[in-house]
Amino acid sequence: MYRKIVVPIDLAHADRMEGAITMAADLAKLYGATVCYLGATTPTPSSVAHSPEEYKEKLAAFALKEAQAHGQDVTTHMILSHDPTATLDDDLVKAVDEMDADLVVMATHVPHIGDRIWASNGGNLARRTKASVCLVRAPA
Amino acid sequence: MATQDETDMGIPLPEGASDMIETDYTIGQDNIETQIGPFGLDIHNPVFLISGLSVVIFVLYALIAPNQAAEFFGWLRPALTSTFDGFFLTAANIFVIFCLLLIVSPYGSVRLGGADATPDYGYLGWFAMLFAAGMGIGLMFFGVLEPAYYFGTPWGDEPLGAVRPFAEDGTLIAANVDEAKRMALAATSYHWALHPWAIYAVVALALALFSYNKGLPLSIRSAFYPILGERVWGWWGHVIDIVAVFATLFGLATSLGLGAQQANAGLEFVYGIPSSVTAQVVLIVLITLLALISVIRGLDGGVKVLSEINMVLAIGLLLFVLFTAGAVGIFTDFFATLMAYGQEILPLSNPIGRSDDGYREGWTAFYWAWWISWSPFVGMFIARVSRGRTVREFLTCVLIIPSLVCIFWMTVFGGTAINDMIANVDVSAVKANVIDSYSPELSLFAMLESLPLASITSTLGIVLVIVFFVTSSDSGSLVIDTITAGGKIDAPVPQRVFWCTFEGLVAIALLIGGGLGSLQAMVISTGLPFTIVLLLMCFAIFRGLQSELRA
């Protein structure tokens, strides 16, 4: 039913990703789909990495660790953004479209009133891409 | 289990050799990350809170004790620039020489972002942002005023004691005209070419180097790592960042308030809309709203787009003045000004044994303090958009090319104004508004009046003034947001909205309560301590580049 599953990963909050990662691995096995971890970083040093190059290595290392844990091949894709605060939504949409993914499994927060003004990243993806979107709440 | 990379979005991949600084500090480790109601927060503790509170305290001081504030800062600023004029002039000369030496030295080949990094922005967008952040508004305000003032000043501010073109009774002394014009344009160029851009370049280069090549957070304190070591993550660094935020916010807010008064004066001159506090508050709100839209749309979708629009408008106005005022004559003037700049730059930048106090202390030292107080903001913004360039390319593009553009701009606007004063000595609106009665905010519109289609070009002039304020305000808000988030550029949206709005509110409070002038004097006074900071930065850059070449 699904060919390609994309899992947006926030390496700064890797602990909140586990639910989405497990579900993506299980769904991939069920449908024989491939899994790709999508990470975004900045040209300036961040709390995760000092350079885009280092970020890329960390994302790959994270993917390898999860791949081994779940017995499931994982690829990675890095987004480089000058100003993620403003453009992360657009960057995610563009990447999901370019990769031609048909399912996005992503970790999300408990909805709050702010979501009425700015839709969550997941809500925005569901509205603007052809892919199905599955939002997985992090344990409270 | 293997992983493979799918990245195919033109991302600068292996960045090549660079010499990272090993430190135990993790970016964001001092940050408070929390959720207040619907708003996510990710702020540096204590830089965010202390910066915000100290701004509120100084605004209250200016509102509660306006006379005392005006008296103190009104005394402090000229006292500093006239006491330390030699220091300012010498320091600025050092910055220029330092930058020029780096261009020709082997260090020029070091690439910001690692040996194989590629530029994030093309030349066009990059130049547009360089001008829009730090200088555009000044070019609008001083382009006519400064050359016209030096040409005809009856107040003893003539540069290097140049001859006067007007006799006591206001008639022209034909023999002195050419020399007065030559010196006026050279002296103006001196304030807008190599020296200010070298000041910006030093800060920008320091931040870009220590952030992109050394892996330190994009924050002013990072440039001090070679000097202070691990102490930059403690109170030393907090103080440096807080002062930078403070100078940037007040610099922007007071310019915004004073700018609204000037734009209002322009509207009165062109359309007869009377000057009133209400109109000025409306202007500030309008500018702040536009800046808000811009920061929410972000660096690429907001700031860059607006800067490019502004550049097109400014080039349009420049070409219009150039061709209606006589392109051939102005091009001749441009080369003459370049020559004069080359001839006079040494005498003008010489700090000792001069008697032109009005010019040297009142203008040059004032400008140097002003540029330097803006340098944390403009430098950090330039650093943010300059990744992927080599040091040589960076300095050539931040130093040489903007200098030529500024000299050309000053020749076009100032030369046209001076020609008008010479040709129509009795009826010249420029002479009436600069020399006969000093109304600096009207000088641009007075010059445009001497050319055809004045109502259209004056409107364009007002639009440009407003949009240049927007582009300073939005880039400044992003810079403050980054510093107060401990160098993170991905802090939540409400934070940048806060700083942008806060800046507008400070401007409105000071406009209504009084205190714009005195707090602007305070900001310019921060130029003195920052001059020492910048001198230390030159040393830090040198050390940083040394280790980079070895890598």
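Residues are called buried when their relative accessible area is under 20%, exposed when it is over 50%, and partly exposed in between, with a 1.4 Å probe and protein chains only. The structure is a predicted model, in which local features need pLDDT of at least 70 and side-chain atom pairs count only at pLDDT 80 or more, whereas totals for chains, interfaces and linings use all residues. Residues are numbered from 1 along each chain as its sequence is written, chains are lettered from A and ligands numbered from 1 in the order in which they are written, and side-chain values use heavy atoms, with hydrogens and water left out.

Leu160(B) is placed in the loop between helix 5 (136-152) and helix 6 (174-192) of chain B, helices (H or I, at least four residues) and strands (E, at least two) being DSSP runs numbered from the N terminus. The phi of Leu160(B) is near 50°, a positive value in a residue other than glycine. A positive phi, near 55°, also occurs at Asp100(A), again a residue other than glycine; Asp100(A) lies in the loop between helix 3 (84-99) and strand 4 of chain A and is partly exposed, at a relative accessible area of 44%. Most residues other than glycine have a negative phi, and most peptide bonds are trans. A cis peptide bond, with omega of about 5°, joins Asn45(B) and Pro46(B), and Pro46(B) is found in the loop between strand 3 (39-44) and helix 1 (47-64) of chain B.

Chain A contains 5 helices and 5 strands, which follow one another from the N terminus in the order β-α-β-α-β-α-β-α-α-β. The radius of gyration of chain A is 14 Å, close to the 14 Å that the globule rule gives for 140 residues, so chain A is as compact as a globular protein of that length; this radius is taken over C-alpha atoms, and the rule is 2.2 Å times the number of residues to the power 0.38. Buried residues account for 53% of the 140 residues in chain A. Within strand 4 (residues 103-108) of chain A lies Thr108(A), which is buried, with a relative accessible area of 17%. Neighbours up to four places away in sequence aside, Thr108(A) touches Leu135(A), Val136(A), Arg137(A) and Ala138(A), contact meaning heavy atoms within 4.5 Å.

A nonpolar core is a set of buried Ala, Val, Leu, Ile, Met, Phe, Trp, Tyr and Cys residues joined through side-chain atoms within 4.5 Å. The largest such core has 193 residues, and those with the most contacts inside it are Phe250(B), Phe413(B) and Met447(B). Helix 12 (residues 357-384) of chain B supplies the largest share of this core, 17 residues. A second, separate core of 25 residues includes Ala49(A), Met78(A), Leu103(A) and Val136(A).

Two further buried positions were examined in chain B. Val523(B), in helix 18 (residues 516-525) of chain B, is buried, with a relative accessible area of 3%, and, leaving aside neighbours within four places in sequence, is in contact with Ala247(B), Phe250(B), Gly251(B) and Ser373(B). Gly415(B), in helix 13 (residues 391-423) of chain B, is buried, with a relative accessible area of 0%.
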